[in-house]
Amino acid sequence: MTTLPIILVVDDEKQSQEALRRVLADEFRVLTASTAEEAEDLLEQEMVHAILCDQRMPGIQGVEFLKTVRNRWPDPVRMIISGYSEAEDIIAGVNEAGIYQYITKPWEPDELVQTLHGALRLYDLQLESAQASLDLKVPQAALQKSIASKTGTLKRQHHFDGIIHAPDSPLAEVIEMARKVSSFDISVLITGESGTGKELLARAIHYNSPRGNKPFVVENCGALPDQLLESELFGCKKGAFTGAYEDRIGLFEQASGGTIFLDEIGETSPAFQVKLLRVLQEGEIRPLGARLTRKVDVRVIAATNRNLEEEVRGGHFRRDLFYRLAAFPIHLPPLRERPMDVPMLAERLLGDTAKGFGRPNLRFGPDSMAQMRNYDWPGNVRELQNEIQRMVALAEGGVMGPDLLSPRLRSRVCPAGRALADHGEPGTLKEQVEALEARLLAESLARHRWNITRVAEETGLSRVGLRAKLRRYGLERDG
């Protein structure tokens with residue numbers, strides 16, 4: 001096994017091959033080929049990072065060979081090394097084969113090593129930009145500037161302060177925990193129902209971590225069968241399995257130096273869990289069909305809507321993998337446990353939706369906002385977003401009333417909503433006070449997750465008095 005970058009030297013002279021091998025062997029793994037055919041065989045078998053190719057070889061010129069390489073294996077950084085420097089060769093190399101450097105003989109060992117390190121940095125930039133084929137004619141400085149600009153934008157978009165919540169929301173404590181763990185290079189397991197914003201939180205952790213300038217890569221582990229998932233995450237060589245029509249760089253390698261987000265990790269099979277565990281333990285991947293392992297430096301954030309501890313007890317999820325992933329567990333509360341967040345979320349989603357639909361100046365009527373606040377939102381934020389899109393599409397005036405809400409939302413309300421429904425539309429002072437009291441009790445229950453003692457302390461009621469009010473307003477927890 002090796003962790004050294006792989007350099008392929010293509011030269012018909014054995015003496016030149018050995019000279020290059022001696023200079024490069026301390027810092028790179030050097031493969032050698034005397035002909036284009038031998039080089040292609042090696043490219044079929046190995047994940048090559050860079051190619052040093054002689055220009056004048058029997059049968060085919062170096063530029064012609066690298067043109068073929070560019071079409072079939074676009075990822076390795078391509079370089080020509082030659083004792084000749086004809087202008088036409090240089091122009092053809094740059095324009096047709098995407099040559100990174102044209103190195104003339106005799107070369108200086110230290111300069112050659114530095115050139116290769118620059119080529120490997122370009123290879124890394126290629127992965128970071130998530131492009132399968134990077135235009136190598138763009139200078140490194142321009143590439144770095146472009147990526148730095150995009151990364152800065154992502155950091156601004158995915159800051160913890162951008163996660164919408166009310167000051168008294170249960171989400172505030174969760175965000176503070178995530179903010180603290182973001183600085184430490186340990187695995188995080190985010191649990192919560194679908195639609196609660198697990199990926200959003202994972203992105204905030206990444207972009208506010210020391211790895212924030214490196215890639216953030218996402219994979220939904222429940223969407224693919226084992227072999228395809230393994231290919232997506234670890235990479236594969238062409239022909240490794242039916243349908244592997246080209247070399248593929250895996251997401252772990254694309255995320256090297258950064259973070260990989262493994263969503264729906266609870267959906268993976270026991271067989272795949274074994275392979276993932278080995279990658280996490282060893283810090284190495286082996287692409288399907290390749291002989292050598294590759295070292296990767298990746299922080300893993302996993303997410304699931306399942307209770308993985310129960311899955312472990314039931315024998316459906318490996319205990320050792322669970323503890324490897326759950327070094328720092330974070331649970332996202334569902335929207336029904338934080339009704340105080342609904343108005344802020346709804347306003348933000350309305351602004352985004354109205355802008356995207358070309359329908360500015362829309363606003364919620366007070367009755368429709370009250371109805372949304374009192375709904376239990378089983379689909380969480382995703383359902384709220386869908387509901388607002390529906391309202392914007394149906395709106396005919398500037399104010400969106402409750403008549404635009406979907407039937408399921410009008411017919412299903414949370415306990416606070418049942419209390420309000422029992423009292424009808426608040427009219428008298430007594431009815432308004434009772435409606436307000438029911439809402440405040442419901443919010444306190446959600447905030448403290450139905451801990452009666454804490455709710456009683458917060459509201460200044462005795463436990464007996466609190467339970468009486470809960471019965472009165474229909475706020476007793478089912479079951």
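## Helices H14 and H16

Helices H14 and H16 pack with their axes 9 Å apart, at an angle of about 50 degrees. The two helices are therefore oblique to each other, and their crossing is right-handed. These values, like the others in this report, come from a predicted model.

## The largest pocket

H14 and H16 also belong to the surroundings of the largest pocket. Helix H14 (342-356) and helix H16 (380-394) each give two or more residues to its lining, as do helix H7 (170-181) and helix H8 (198-207). The volume of this pocket is about 770 Å³.

In total, 29 residues line the largest pocket. Those nearest its centre are Gly195, Thr196, Gly197, Leu200 and Val381. Sorted by class, the lining holds eleven nonpolar, ten polar and eight charged residues.

Threonine 259 has arginine 299 in S11 as its bridge partner.

## The sheet from S2 to S5

Another open sheet is formed by five strands, with parallel pairing and the order S2-S1-S3-S4-S5. Strand S2 (29-33) and strand S5 (101-104) are the edge strands, each pairing on one side only. Neighbouring strands here are turned against each other by 20 degrees on average, direction ignored.

Strand S3 (residues 50-54) pairs with strand S4 (residues 77-82) over five bridges, in the parallel sense. In this pairing, leucine 52 stands opposite methionine 79 in S4. In general, the strands of a sheet pair through backbone hydrogen bonds, in either a parallel or an antiparallel way.

## Helices H2 and H3

Two packed helices are described by the angle between their axes and the distance between the axes. For helix H2 (residues 36-45) and helix H3 (residues 62-72), the angle is about 20 degrees and the axes lie 11 Å apart. Angles under 35 degrees count as roughly parallel, so H2 is roughly parallel to H3. H2 passes H3 in a right-handed crossing.

Terms used. Residues are numbered from 1 along each chain as its sequence is written. This is a predicted model: local features need pLDDT of at least 70, side-chain atom pairs count only at pLDDT 80 or more; totals for chains, interfaces and linings use all residues. Side-chain values use heavy atoms; hydrogens and water are left out. On a 1 Å grid over the protein atoms alone, a cavity is a set of points where a 1.4 Å probe fits but cannot get out, and a pocket is an open set with protein on both sides within 12 Å along at least five of seven lines; lining residues have an atom within 4 Å of a point. Grid points are joined across faces, edges and corners, and a volume is the space filled by probe spheres set on the points. Helices (H or I, at least four residues) and strands (E, at least two) are DSSP runs, numbered from the N terminus. Ala, Val, Leu, Ile, Met, Phe, Trp, Tyr, Cys and Pro count as nonpolar, Asp, Glu, Lys and Arg as charged, and the others, Gly among them, as polar. Two strands pair if DSSP finds at least two bridges between them. Axes are lines fitted to C-alpha atoms, for helices over the stretch in contact, and angles run from 0 to 180 degrees between N-to-C directions. Angles under 35 degrees count as roughly parallel, over 145 as roughly antiparallel, 65 to 115 as roughly perpendicular and the rest as oblique. A crossing is left-handed if the near helix is turned anticlockwise from the far one by less than a right angle, and right-handed if clockwise.
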